[in-house]
Amino acid sequence: MKEPYVKYNIQNNIATIEFFHPEQNSLPSDVLKDLANTITEAGNNDEVRVIILKSGGDRTFCAGASFKELIAINDAETGKIFFSGFANVINAMRKCPKFIIGRIQGKTVGGGVGIASATDYCMATKFASIKLSELNVGIGPFVVSPAIERKMGVSAMSQIAIDANTFYDANWAREKGLYASVFETIEELDEAVQKFAEHLCTYNPEAMLEMKNIFWRGTDDWDNLLAERAAISGRLVLSDFTKETLKKFK
């Protein structure tokens, strides 16, 4: 079995950040921390003009948080720290001074939808359906919902948050504003992402930075907001309902 990783390389002013976990790219705390730090590092690198964010494998972009870690939480503080993992990644993406292009090759669930929503421009394959499954286990998409709401609106975010059993297909996600375009194959997606990134490298970096600041206007409170949301999830994961539900996944 392949080991989890976060890889980072720069070629022709394009930074490509790739994360992977053998359990359908579900992310434990250490990988989330590494991912947040890598995004910050790439953003601060003067050589980098644009960032491509992707995951390894071809079936699932990100299955959300690590269930193994989730099941092991026994106190509210540990819960808050665990759920802060995705908060820190989203905040790193928000503060990153470079445009981040999302490359979503397959299904994405929970926190993965949050990461896709926090990219500045997102492309996907037709296999990249989305689901917010948190309500199924007795919590909710508290940490990621600000990013999803910002990208897709309250109505679409509410719909997928309440309908926690259903995968919504890639074309629905495109219609709601999550994906800019949807491709038939991963090869077509990769070609389009690369071409788009190369095109962005020809633009004025100062103009792109100012645009990014405008796009994310009104999110300055997210450091506190997402920490508060992580605390809500951290509390709910200790509820009798959630503990009982999680036993089924052991």
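Colleague: In which hand does helix 3 pass helix 9?

Modeller: This is a predicted model. In it, helix 3 passes helix 9 in a right-handed crossing.

Colleague: How is such a packed pair described?

Modeller: Two packed helices are described by the angle between their axes and by the distance between the axes. Here, helix 3 (residues 76-95) and helix 9 pack at an angle of about 150°, and their axes are 7 Å apart. Angles over 145 degrees count as roughly antiparallel. Helix 3 and helix 9 are therefore roughly antiparallel to each other.

Colleague: Which residues of helix 3 and helix 9 meet?

Modeller: Helix 3 brings Ala76, Gly79, Lys80, Phe83, Ser84, Ala87, Ile90, Asn91, Arg94 and Lys95. They meet Trp222, Asp223, Leu226, Ala227, Ala230, Ala231, Ser233 and Gly234 in helix 9. Sorted by class, this contact of helix 3 with helix 9 has 9 nonpolar, 5 polar and 4 charged residues.

Colleague: Now take helix 3 and helix 4. At what angle do they pack, and how far apart are their axes?

Modeller: The angle between helix 3 and helix 4 (residues 111-118) is about 10°, with the axes 9 Å apart. Angles under 35 degrees count as roughly parallel. Helix 3 and helix 4 are therefore roughly parallel to each other.

Colleague: What makes up the contact of helix 3 with helix 4?

Modeller: Phe86, Val89, Ile90 and Met93 in helix 3 meet Gly111, Gly112, Gly114, Ile115 and Ala118 in helix 4. By class, that contact has 6 nonpolar, 3 polar and no charged residues. Note Ile90. This residue of helix 3 meets helix 4, and Ile90 is also in the list for helix 9.

Colleague: On to burial. Which residues of helix 10 are buried?

Modeller: In helix 10 (residues 240-247), the buried ones are Thr242, Thr245 and Leu246. Look down the axis of helix 10: its buried residues fall within an arc of 95°, so they line one face of the helix. On the other side of helix 10, Asp240 and Lys247 are exposed.

Colleague: What covers the buried residues of helix 10?

Modeller: The cover includes helix 2 (67-72) and helix 9 (222-236).

Colleague: Last, the backbone. What is phi of Asn12?

Modeller: Phi of Asn12 is near 50°, a positive value in a residue other than glycine. Asn12 sits in the loop between strand 1 (5-11) and strand 2 (14-20). At 63% relative accessibility, Asn12 counts as exposed.

Colleague: Where does Gln24 lie, and what is its phi?

Modeller: Gln24 lies in the loop between strand 2 and helix 1 (29-44). Phi of Gln24 is near 55°, positive in a residue other than glycine. Gln24 counts as exposed, at 54% relative accessibility.

How values were computed. Residues numbered from 1 in each chain as written. Predicted model: local features only at pLDDT ≥ 70, side-chain atom pairs only at ≥ 80, totals over all residues. Heavy atoms only, no water. Buried < 20%, exposed > 50% of the residue type's maximum accessible area, 1.4 Å probe, protein only. Helix = DSSP H or I, 4+ residues; strand = E, 2+ residues; numbered from the N terminus. Arc of directions from axis to C-beta. Contact = heavy atoms within 4.5 Å. Axes fitted to C-alpha atoms, helices over the stretch in contact; angles between N-to-C directions. Parallel < 35°, antiparallel > 145°, perpendicular 65-115°, else oblique. Left-handed = near helix turned anticlockwise from the far one by under 90°. Nonpolar A, V, L, I, M, F, W, Y, C, P; charged D, E, K, R; others polar.
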